[in-house]
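I set out to look up the fold content, the helix packing and a few individual residues. My notes are kept in the order in which I made them.

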Amino acid sequence: MRTTHRPLTTVALALSLFMAALEMTVVSTAMPTVVSELGGLQSYAWVFTAYMLASTVTVPIYGKLADLYGRKPVLLFGIGLFLAGSVLSGLSTSMHMLIAFRTLQGLGAGAMQPVALTIVGDLYTLEQRAKVQGVFSGVWGLAGLVGPLTGGLIVKYLTWHWVFFINVPVGLGALALLVFFFHEQVQHKPQKLDYAGALLLSAGVVALLFGVQGIGRNLLALPVGVVLLIAFVLVERKVAEPVIPMSIFKNPAIAISSVAGALFSAAMFGATTYVPLYVQGVLGGSATLAGGMITPMIVGWPVASLFAGKLLLRTGFRPLIVGGLGLTVIGTGAMALLLKPQSSLLIPELAMALFGIGLGFTATSLLIAVQTSVGWELRGVATASHMFFRTIGGALGVGLMGGVVVSQLLKDPNVPLAAANELLGPEHGHGLPPAVFQTLSGALGTGLTINFWIICAATVGAFAAGLFFPKVKRGEGMTLPSTDAAAPH
């Protein structure tokens, strides 16, 4: 019987996560330029939220499928779909096409990160997993360093379409390694996938997203979304194979991790989406400079994650979680207070560095806490559920902030919203009439400042949730990885 080659499988998983990390920095860098070329600033947030929405609603479904049918086929399918979406996104000629194909890309991404992290949980013990975090920290750090520079160079010397095409060779390499070197033995049992639950979850999240992005224009969307999600919970409590077993939330570590993860992800995705827009649209910086503002966060995250992996066996989870979330509050609070139209660019760089360090301590500790709280048979759905709350927090957060920006830009009916696209072009709107330029620049700055306070509020909420995390160390109520027949070998 063939056995898994752990080092090469780990390389494949690292490549999968590298694509996800690179996608965040490269697309954020290129998006202001994309909007200036394709138009549609009012749809700016949807390029991100469509991707996150698609990945959000599919994360728990993929997690359940991975538990039922094995990790390998689900991950291979996800990477293939992600690559197809990447190629089609690069071929887009309108914002509507780009949003549609970003949705397809997100449908694949929904499998990549949670299933890859689940495989890490299967292959390595708790001690080994903490050390392997160093490998993945290096992956995120490399993506953080090369992403903004790569995005800026692509926009300057090629075209923005290539920010999507660069995924192809990385993805093909990951697929090849997984096919030949990752093998698992899965005990297939006759099971029914919870289609009703999956449908209610998807519809509820979509309704919520329309509601938060509408900012008063879609009055029915929010209550409809709430009703659908309540119905989802009721269904999940009764079906034999729920998409998200409600019983796992009886574990306080998983419940609090879900709340904190949703809130800090809203802040994280909000920052990576709107800090570059502020730098390019309000401060008049270049695409490379705008993307470079989030580099300190994406570098600080893996550095802190590396230390977190070494420290958590000594300290337990809670000190790292609370301390990390405290740093995110300081970073985002500084950004909301100090980032002004005439501010030094050192302010967002330092604020994002603190934010990233805090996220590194927090995200690593929360994920390992969730994985060690359950056995193999639930590890896929537990990991996916945690990632679900993180992605739904990001999707709803970015959607809400997008609604804030559009509402500010629409305040003056005499100024066409389409003119705002020119703020992001190479001339930074200087071809507009002075009155129009001043109105739009001021409205964009006001909307983004409100967003920075929303980001800060999200980190404060996450910190408050983290204070309730149980004081649990290894051996006190945590379940270590099992070695049953269903686990990869």
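**Basis.** I worked from a predicted model, in which local features need pLDDT of at least 70 and side-chain atom pairs count only at pLDDT 80 or more, while totals for chains, interfaces and linings use all residues. Residues are numbered from 1 along each chain as its sequence is written, and side-chain values use heavy atoms, with hydrogens and water left out.

**Whole chain.** I counted 16 helices and zero strands in the chain. Both are DSSP runs numbered from the N terminus, helices being H or I of at least four residues and strands E of at least two. I then looked up burial: 61% of the 489 residues count as buried, that is, under 20% relative accessible area with a 1.4 Å probe and protein chains only, where exposed means over 50% and partly exposed lies in between.

**α3 and α7.** I took axes as lines fitted to C-alpha atoms, for helices over the stretch in contact, with angles from 0 to 180 degrees between N-to-C directions. Helix α3 (residues 71–90) and helix α7 (residues 167–181) have axes that come within 10 Å and cross at roughly 165°. The two are therefore roughly antiparallel; the class is over 145 degrees, against under 35 for roughly parallel, 65 to 115 for roughly perpendicular and oblique for the rest. Their crossing is left-handed, meaning that the near helix is turned anticlockwise from the far one by less than a right angle, with clockwise giving right-handed. The contact includes L75, I79 and L83 of α3, and G171, L175 and L178 of α7. I recorded 12 nonpolar residues, four polar and one charged in this contact. Here Ala, Val, Leu, Ile, Met, Phe, Trp, Tyr, Cys and Pro count as nonpolar, Asp, Glu, Lys and Arg as charged, and the others, Gly among them, as polar.

**α14 and its partners.** I next followed helix α14 (residues 346–371), whose axis comes within 6 Å of that of helix α12 (residues 295–315), at a crossing of roughly 35°. This crossing is right-handed, and its contact residues divide into 16 nonpolar, seven polar and one charged. Against helix α10 (residues 252–281), the α14 axis comes within 10 Å and crosses at roughly 150°. That makes α10 roughly antiparallel to α14, with a left-handed crossing. Among the residues that meet are S257, G261 and F264 in α10, and F355, L359 and L366 in α14. That contact holds 13 nonpolar residues, three polar and no charged.

**Single residues.** Which residues does H386 contact, leaving aside its neighbours within four places in sequence? I found S257, S258, L366, L367 and V370. H386 is in helix α15 and counts as buried because its relative accessibility is 2%. V404 is also found in α15 (residues 376–409); at 10% relative accessibility, V404 is buried. Its C-alpha lies 10.0 Å from that of T449, 45 residues apart in sequence. Last, I checked K64 in helix α2 (residues 44–69). K64 has 7% relative accessibility and so counts as buried. K64 and P242 are 178 residues apart in sequence, yet their C-alpha atoms are 8.2 Å apart.

Technical notes: Contact = heavy atoms within 4.5 Å.
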